[in-house]
Amino acid sequence: MRFSKTYVRTLREVPTEAEVPSHILMLRAGMIRKLVSGVYGFMPLGWRCLRKVEEIVREEMDATGAQEILMSAIQPAELWEETGRWKAYGPELWRIKDRNGRDFCLGPTHEEIFTDIIRDGVSSYRQLPVTLYQIQTKYRDEARPRFGLLRSREFVMKDAYSFDLGEEGLDVSYQTMYDAYSRIFTRCGLTFRPVEADSGAIGGKGSHEFTAFTEIGESEIAYCENCEMAANIERAECRDCDPSPTDEALLPLEEVHTPGTKTIEEVAGFLGLPKEKTIKALLFQKYDEDGKEDGYVAAFIRGDRELNMTKLVNALNIPEFAIAFADEDKMGQATGSVGGFTGPCGLHDCTIVVDSELPGLKNMCAGACKVDHHLVNVNYGRDYQADIVTDLKVLKEGDACPVCGAPVRHTRGIEVGQVFKLRTKYSQSMGATYKDEKQQEHPIYMGCYGIGVTRTMAAIIEQHHDEKGIIWPVSVAPYHVIITLVKPQDEAQATVAEQIYQELTARGVDVLLDDRNERPGVKFNDADLLVMPIRITVGKRAAEGVVEYKLRREEEKEDLTVEEAIARADALVKAEIRGI
């Protein structure tokens, strides 16, 4: 492609709306164009990059035996109602009506659609296993779109679905996709790690999130350097602290006056107790699928801990949007709780959820459900009971690894893909079954596998950029080589530039020839911003058959003959894309 014929509009200033490098640089390089908040279009250079990421995904998916199809983004509500997700998915589901008042949604994911395909077409065990996938635009009505393509309302995703005879087959399909994802993200040039993850609104049990490490990532990852434990913080299990010594006697329950001590820090300081000897209360209002109030929840954890909301909603078996902090006065009238002084003793008419380490701790301090009063020597079993006892804690940096006990570390990253073991969650609710050799009917076992294609593109930029612009890996760069023709009017320079352009193009190398009548400084700046991995500058030594050769990722430049430059560029592209 000749730059003079390309529609590229670069920006010299940082857009005020952009906060992170990928968003800033894609706007500056004219790769994307904002339509409204969270909705972007792709301009020529951005579209070329996106297609290259898609092709890597497609090649690796096809290599596993998965078959590509394409379904509509418009989905009828009745399929979602079969699985109960029409209401349970929450406000991110983009609901629409046609002119006849029939309900539809713009698909954020396609479990129901693919399950419907299989239940209509599969009846015998001989037809399984099968894996289908698509690369398609998805929609989620994000409350706070931000960071450009990292959290948008419209995005491109690859979603695949495996259908197997049972658990053993699902395990094979899951591992096949897990391995394919590792190859995909490696080919895209990402530094990443698969970590255990929560299944969220997709459901099922068993999931791994593929996380590209970067400081601006919204995913917080806990990992252990002593073993292979790695998990999204929402999913990371915690090791309960060692219980109180068995010889510690249970002391009599006692109410103490603690005026004005509503926080853990205040009550611990007032009573001279370590925070580890206190119990923290968090009060919530539940809502049903129609948004109506549906009871109260009191969650209790050790005073120095933080509540993991994902673990709480999973324990309650409700979607995340169906719970919010309670109005303390209103909840107090219904349950006996008192804002700032709530404890597990004496509460009524609410669901009490207790963190798993509290039953093993003795003689704790908790609110007395009475203004300006606390209870000391509170003990589980004797003084209070729970409706649910489960791990509710956030695994903090420095806490004991749940696997080996070594201190865990934290890092941040961008979720670029996730794999799920759905098992029979959708097949049972939608009646997707097969008959075995004895004509006995069984539910089909399913897996679900997603890659955020546009998000992957942004993650690559987050890991590969400098102050000048993006440093694309060769595999996904819009063009592999940019030829900077310093003086288009110079016949010798124009001839050499054309020779390089034609020969590299003939070898299958993507080349952008900058033949514009612009100052050299403008061309060099654009070459850095537009991020072609290889820059060949045709300048004053063109008549001698010598050009300047430079890799975008390196500082060094070198003078090469035209033939050497062509051979060097061709070899690099073949090595990094085709593995030759």
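Is R412 buried, partly exposed or exposed? In this predicted model, R412 counts as partly exposed because its relative accessibility is 32%, a value between the limits of 20% and 50%.

**View 1. A salt bridge joins R412 and E220.** The closest N and O atoms of the two residues are 3.7 Å apart. The pair links distant parts of the chain, as R412 belongs to strand β21 (residues 409-423) and E220 to strand β11 (residues 219-223), 192 residues apart. E220 is partly exposed, with a relative accessible area of 26%.

**View 2. R541 and D559 meet through their side chains in a salt bridge.** The N to O distance is 3.2 Å. R541 is partly exposed at 33% relative accessible area, and D559 is partly exposed at 47%.

View 3. D570 is buried, with a relative accessible area of 5%, while K574 is partly exposed, with 27%.

**View 4. Three strands form an open, antiparallel sheet in the order β13-β19-β18.** The edge strands, β13 (254-257) and β18 (364-367), each pair on one side only. β13 pairs with β19 (residues 373-378) over 4 bridges; E254 has V376 in β19 as its bridge partner.

Conventions: Residues are numbered from 1 along each chain as its sequence is written. This is a predicted model: local features need pLDDT of at least 70, side-chain atom pairs count only at pLDDT 80 or more; totals for chains, interfaces and linings use all residues. Side-chain values use heavy atoms; hydrogens and water are left out. Two strands pair if DSSP finds at least two bridges between them. Helices (H or I, at least four residues) and strands (E, at least two) are DSSP runs, numbered from the N terminus. A salt bridge is a side-chain nitrogen of Lys or Arg within 4 Å of a carboxyl oxygen of Asp or Glu. Buried means under 20% relative accessible area, exposed over 50%, partly exposed in between (1.4 Å probe, protein chains only).
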